[in-house]
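This report covers how the chains are arranged, how two of them meet, and how one is folded.

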Amino acid sequence: MSSSPSPQAALATRIGDAVRIARGADALAPSITNTVSIEFVANAQLAVGGSAAMVYLPDEGETMAAVGGAVYLNMGTLFPVYAETLPRTVRALQAHGTPWVLDPVAIGIGALRTELLAAFKEFRPSIIRGNASEVIALAALWGLTAQTGQGGRGVDAVDGVDTARDAAVALSRWTGGAVAVSGETDLVTDGRTVVRLSGGSPLMTRVTGSGCSLGGVAAVYAASVPAFDAALAATAIYNVAGERAGARADAPASFRTAFLDELYRLSPDEVAAVKMSCEECGA
Amino acid sequence: MSSSPSPQAALATRIGDAVRIARGADALAPSITNTVSIEFVANAQLAVGGSAAMVYLPDEGETMAAVGGAVYLNMGTLFPVYAETLPRTVRALQAHGTPWVLDPVAIGIGALRTELLAAFKEFRPSIIRGNASEVIALAALWGLTAQTGQGGRGVDAVDGVDTARDAAVALSRWTGGAVAVSGETDLVTDGRTVVRLSGGSPLMTRVTGSGCSLGGVAAVYAASVPAFDAALAATAIYNVAGERAGARADAPASFRTAFLDELYRLSPDEVAAVKMSCEECGA
Amino acid sequence: MSSSPSPQAALATRIGDAVRIARGADALAPSITNTVSIEFVANAQLAVGGSAAMVYLPDEGETMAAVGGAVYLNMGTLFPVYAETLPRTVRALQAHGTPWVLDPVAIGIGALRTELLAAFKEFRPSIIRGNASEVIALAALWGLTAQTGQGGRGVDAVDGVDTARDAAVALSRWTGGAVAVSGETDLVTDGRTVVRLSGGSPLMTRVTGSGCSLGGVAAVYAASVPAFDAALAATAIYNVAGERAGARADAPASFRTAFLDELYRLSPDEVAAVKMSCEECGA
């Protein structure tokens with residue numbers, strides 16, 4: 001008599017599948033992303049088996065929404081043209097049914113960012129990825145929660161991951177997609193199941209773009225698997241690669257090299273063995 | 001009785017000369033290039049002995065055309081101001097007789113890119129560098145060939161290098177300069193001689209900017225030697241450095257570091273020893 | 001009977017203090033900086049214990065001037081929006097009394113850069129950082145000296161550091177802040193005391209952004225200590241880290257990794273032991 005796998009084992013299988021499929025797929029996951037970590041995003045996407053293409057102009061965003069397997073939108077360093085590019089791109093994403101990842105970096109800073117993020121509510125991003133402060137702020141901006149965090153400070157979280165649990169659940173219930181919250185422990189939810197993943201390295205906070213590139217990798221996975229699996233797999237590979245790189249390097253630049261190398265080297269089974277726990281796991 | 005060297009040995013000598021001259025010249029090779037690989041382009045240019053300067057504004061492009069030994073124009077991530085910057089820059093390049101390298105990244109995507117690339121035809125870039133799909137598409141856009149490739153897909157080639165042979169020859173006959181096609185084997189032509197170079201590493205496809213930075217290095221060489229020699233030397237040093245880096249690193253980030261280090265370390269003779277074959281070599 | 005420390009020992013203590021305070025402070029030092037070295041700037045700031053945030057838009061610059069501990073303005077790759085962003089940001093810096101670092105990269109190239117730099121005179125940046133040619137050109141642009149250098153050539157200095165001594169002193173007397181001149185030997189002055197620091201590595205000239213990232217690190221320090229101490233400490237850590245990295249790496253990309261790692265590893269005492277000499281040291 002065979003027994004069905006435990007809910008957590010089933011999650012691990014789905015993580016391993018996402019990693020395995022991406023390695024062979026060379027899926028195009030275009031980005032509109034900030035200039036600080038744009039190269040890191042592209043190299044992380046290539047390392048896990050995807051293909052990268054970055055654009056700024058409105059009609060290019062629309063084309064990417066049409067031809068990309070999934071798209072990564074990062075709000076980090078806005079240019080004036082984004083006032084036109086981002087709305088047109090999200091409309092095209094919706095029209096084509098293309099999955100997309102929203103990274104609300106620096107939410108709360110500047111009028112354009114606030115206006116764009118508010119408008120994204122009705123477009124329901126497949127995956128929202130941010131630190132706790134960003135996730136709390138986005139749920140508040142969208143009127144989904146009454147909670148307000150301690151506010152962002154530039155790009156850094158000042159709130160712990162667990163403080164963002166309810167905001168993350170509310171956001172994913174609204175979008176019907178997944179939310180990934182980065183922190184010392186990471187949290188990924190689809191609105192019912194809540195998974196906490198751990199590993200990583202303290203050095204990840206000393207390398208710019210660790211979070212952004214996770215969003216880019218999530219887009220690569222989302223080109224081939226459902227949003228929740230993609231968010232889980234991206235968070236998992238970051239924890240495992242971070243832990244391994246942290247064992248090999250004791251300073252941020254050599255850590256960064258080791259980390260990207262691990263993104264390339266890790267087998268699906270190694271990623272699936274990430275440390276995780278879940279609530280409502282069989283839901 | 002002395003014998004003249006074989007045509008291929010003569011090419012090797014010219015490659016070695018280009019590398020040697022650049023090492024000592026610190027030639028300024030300014031770029032208007034994409035934000036993804038802009039740092040890689042600059043560091044590759046510095047590694048081979050050149051000097052880098054990147055700009056976006058129209059009058060800065062004109063100044064760079066006047067003071068640069070050669071200029072690198074990469075179409076990767078267009079900003080709105082490029083609608084003015086690039087036409088004014090190419091006019092200034094023509095007025096000053098400054099050699100320039102055109103990298104038609106992502107040709108076919110977006111109205112501005114198509115418009116700019118079409119307008120560049122009459123300015124005849126000294127060197128055109130791209131993957132097979134890009135070279136085929138540019139020759140078609142300029143009405144030089146009837147062939148159409150399978151189309152670009154973001155920034156990746158979907159056509160093999162040899163399929164771009166006729167397009168590359170047609171482009172270089174039109175410009176009077178050189179065309180370098182990147183792929184598993186690389187092809188460089190001046191419209192008569194066709195050289196195929198090999199080496200490199202499969203890891204180069206897992207590092208963003210491998211192609212862009214080759215264009216930047218070609219501009220450094222073009223500041224001091226003729227276009228065909230510059231295109232050959234840049235392609236040669238990328239093959240030799242890629243092969244050596246591939247022997248020292250088994251994953252993309254450490255490969256990238258090793259590759260840039262090799263660009264800096266390789267002697268002219270080591271680069272001249274690149275594996276190559278040629279058609280119409282004595283032409 | 002206790003003796004007071006020598007003036008130079010007092011400087012070393014202040015350098016060590018700046019490094020020590022920054023390691024624990026996670027001070028936010030936002031930047032408006034060029035796209036070439038923007039990631040290097042951020043990673044260098046993180047390595048010394050600071051926090052980074054990069055922006056382009058006018059109201060975001062104003063917000064950064066309000067919330068940042070100090071701000072880094074680098075003139076490297078100007079976008080059209082800078083015509084509004086930079087004036088509004090420097091006015092906000094003045095209004096909030098926020099220290100800031102000006103890096104007049106590529107001074108002399110383009111009308112917008114000249115116009116902006118001329119307008120900055122009355123806002124008196126806390127720290128000016130540049131190579132000798134840039135410092136000489138800025139003092140001339142501001143009418144503080146009659147000297148004209150040999151002119152910039154893109155981003156490279158063509159004048160030696162000591163040729164910029166008088167310009168540096170004149171600038172710092174005008175601003176009431178500090179000036180740091182980078183070269184084979186570095187010079188830092190507050191208008192009276194002139195300190196020369198040495199170390200580094202010739203490989204620093206083969207890595208793009210060495211100078212820019214020093215400016216970013218100076219902003220991290222300036223968030224917590226006076227401008228002269230911040231400029232000294234940034235210059236000191238670059239000399240010590242460069243020397244150590246140069247002992248471990250013989251080519252630019254592995255040097256760059258080693259250098260960033262050293263920025264992270266060096267203890268305050270190791271930085272304070274930088275080789276330096278001073279004029280008017282007890283002034």
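## Contacts between chains A and B

Between chain A and chain B the count is 4 salt bridges. One of the pairs joined by a salt bridge is A:Arg265 and B:Asp250, whose closest N and O atoms are 2.8 Å apart. The model is predicted, and 11 residue pairs, both at pLDDT 80 or more, are in polar contact across the interface of chain A and chain B. On the side of chain A that touches chain B, at least two residues each come from α2 (38-47), α3 (58-67) and α10 (252-265) of chain A. The largest share, 6 residues, is supplied by α2(A).

In total, 28 residues of chain A are in contact with 31 residues of chain B. The two chains bury about 2,300 Å² between them, with 59% of that area on carbon and sulfur atoms.

## Arrangement of the copies

Chain B is superposed on chain C by a rotation of 120 degrees with 0.0 Å of shift along its axis, at an RMSD of 0.0 Å. This is the relation of a three-fold axis. B:Thr35 has the C-alpha nearest the axis in chain B, 3.7 Å from it.

Only 14% of the interface residues of chain B are also interface residues in chain C, so the copies meet through different surfaces.

## The sheet of chain B

Chain B has an open sheet of 8 strands in the order β1-β2-β3-β4-β5-β6-β7-β8, with mixed pairing. Its edge strands, β1 (31-32) and β8 (275-279), each pair on one side only. Strand β7 (residues 194-198) runs antiparallel to β8(B) and is joined to it by 5 bridges. B:Val195 stands opposite B:Cys278 in β8(B).

Helix α7 (residues 165-175) of chain B lies across β4 (127-131), β5 (178-182), β6 (186-189), β7 and β8 of that chain. The helix runs at about 155 degrees to β5(B).

Key:
Residues are numbered from 1 along each chain as its sequence is written. Chains are lettered from A and ligands numbered from 1 in the order in which they are written. This is a predicted model: local features need pLDDT of at least 70, side-chain atom pairs count only at pLDDT 80 or more; totals for chains, interfaces and linings use all residues. Side-chain values use heavy atoms; hydrogens and water are left out. Copies are superposed by least squares on the C-alpha atoms of residues with pLDDT of at least 70 in both. Contact means heavy atoms within 4.5 Å. Two strands pair if DSSP finds at least two bridges between them. Helices (H or I, at least four residues) and strands (E, at least two) are DSSP runs, numbered from the N terminus. Axes are lines fitted to C-alpha atoms, for helices over the stretch in contact, and angles run from 0 to 180 degrees between N-to-C directions. Buried area is the accessible area (1.4 Å probe) that two parts lose on being put together, summed over both. A salt bridge is a side-chain nitrogen of Lys or Arg within 4 Å of a carboxyl oxygen of Asp or Glu. A polar contact is a pair of N or O atoms within 3.5 Å; within protein, one must be able to donate a hydrogen and the other to accept it, and residues adjacent in sequence count only if both atoms are side-chain atoms.
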